[in-house]
Amino acid sequence: MTHLAADIRVSAVEVLSWLVDVAGAEVVSCAGGWIKTLNCFLSVLGWHTEESSKWSGNRASFGKSGAKGQPMVKVLAALAVFLQAGIGRPDDGMDDSSDEGSAMGVSGWEFPLCHAALHMVPQATAPFVHLNLFGQPRDEEGEMYETREDRYRVFVNRFLGAVQRGLEGARSEGGEVGRASAGVSKVLKEAIAYGPGA
């Protein structure tokens, strides 16, 4: 996405958008998939934070001026899809089925199995990695953020201010870029409304 050639930047954005459509949860939760990709988006859009400013000096241009903002619209649409996959409203259907399954397994049982699901080891790849008992010092940028709450916390602490400022600027441009920024704003408002514990 930060390649020197404008056509390659546009192709990279299209591929990322497709990848998020196909495997969104895996893309945003893989090692480095959340922070590094957000830094890249902010660099391409010119919405710099301290982290993304080391990636590029200024906003990437997308080739000829005859494109009339089309590449920027693609980047904003890809950002909206990426944010939806990372911090968007969680799917209610999956949460209900897991609760029913755990409740069905212990229904009718008395103590000590009345709250068995609360006492079980979490079903994550590395449930106690947050303790960092045997690992090296943390590399926050290359870390895996598997849960929506972790991604939301990082987004609010590092990127929210820069994205909000960038969206204000994109909205003031108007036209197709302004409409594309409205899609990102909608995802952002839903994510903030549902907060970290949704």
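A residue counts as buried when its relative accessible area is under 20%. In this predicted model, buried residues make up 36% of the 198 residues in the protein.

From the N terminus on, the order of the elements is α-α-α-α-α-α-α-α. Among contacts in the protein with a separation of 6 or more, 68% are accounted for by residues 24 or more positions apart.

The packing of helices was examined for two pairs that share H4. Two packed helices are described by the angle between their axes and the distance between the axes. Helix H1 (residues 6-29) packs against helix H4 (residues 70-87) at an angle of about 10°, and the two axes are 9 Å apart. Angles under 35 degrees count as roughly parallel, and H1 is therefore roughly parallel to H4. On the H1 side, the residues that meet H4 include Val 10, Val 13, Ser 17, Val 20 and Val 28. On the H4 side, those that meet H1 include Pro 71, Lys 74, Val 75, Phe 82 and Gly 86. By class, the residues of the contact of H1 with H4 are eleven nonpolar, three polar and three charged.

H4 also packs with helix H8 (residues 175-194), at an angle of about 10° and with the axes 8 Å apart. This angle makes H4 roughly parallel to H8. Here the H4 residues include Gln 70, Met 72, Val 73, Leu 76, Leu 83 and Ile 87, while those of H8 include Glu 176, Val 177, Ala 180, Val 184 and Val 187. The contact of H4 with H8 has twelve nonpolar, four polar and two charged residues.

In soluble globular proteins, nonpolar side chains tend to be buried together. The largest nonpolar core of the model holds 41 residues, of which Trp 34, Trp 47, Leu 83 and Phe 155 touch the most other members. At least two residues of this core are supplied by each of H1, helix H2 (35-45), H4, helix H7 (148-173) and H8. The most is given by H4, with ten residues.

Phe 155 and Leu 188 are in contact with each other. With residues up to four places away in sequence not counted, Phe 155 also touches Trp 34, Leu 38, Leu 83, Ile 87, Leu 160 and Val 163. Leu 188, leaving aside its neighbours within four places in sequence, is in contact with Leu 160, Val 163, Gln 164 and Leu 167 as well as with Phe 155. Leu 188 and Gln 164 are 24 residues apart in sequence, and their C-alpha atoms are 8.9 Å apart in space.

Ser 29 belongs to helix H1. Its relative accessible area is 15%, so Ser 29 is buried. A polar atom of the side chain of Ser 29 lies 2.7 Å from the backbone oxygen of Ala 25. Leaving aside its neighbours within four places in sequence, Ser 29 is in contact with Met 144, Tyr 145, Glu 146 and Arg 151.

Definitions and conventions: Residues numbered from 1 in each chain as written. Predicted model: local features only at pLDDT ≥ 70, side-chain atom pairs only at ≥ 80, totals over all residues. Heavy atoms only, no water. Axes fitted to C-alpha atoms, helices over the stretch in contact; angles between N-to-C directions. Helix = DSSP H or I, 4+ residues; strand = E, 2+ residues; numbered from the N terminus. Parallel < 35°, antiparallel > 145°, perpendicular 65-115°, else oblique. Contact = heavy atoms within 4.5 Å. Nonpolar A, V, L, I, M, F, W, Y, C, P; charged D, E, K, R; others polar. Buried < 20%, exposed > 50% of the residue type's maximum accessible area, 1.4 Å probe, protein only. Polar contact = N/O pair within 3.5 Å; in protein donor to acceptor, adjacent residues only side chain to side chain. Core = buried A, V, L, I, M, F, W, Y, C linked by side-chain atoms within 4.5 Å.
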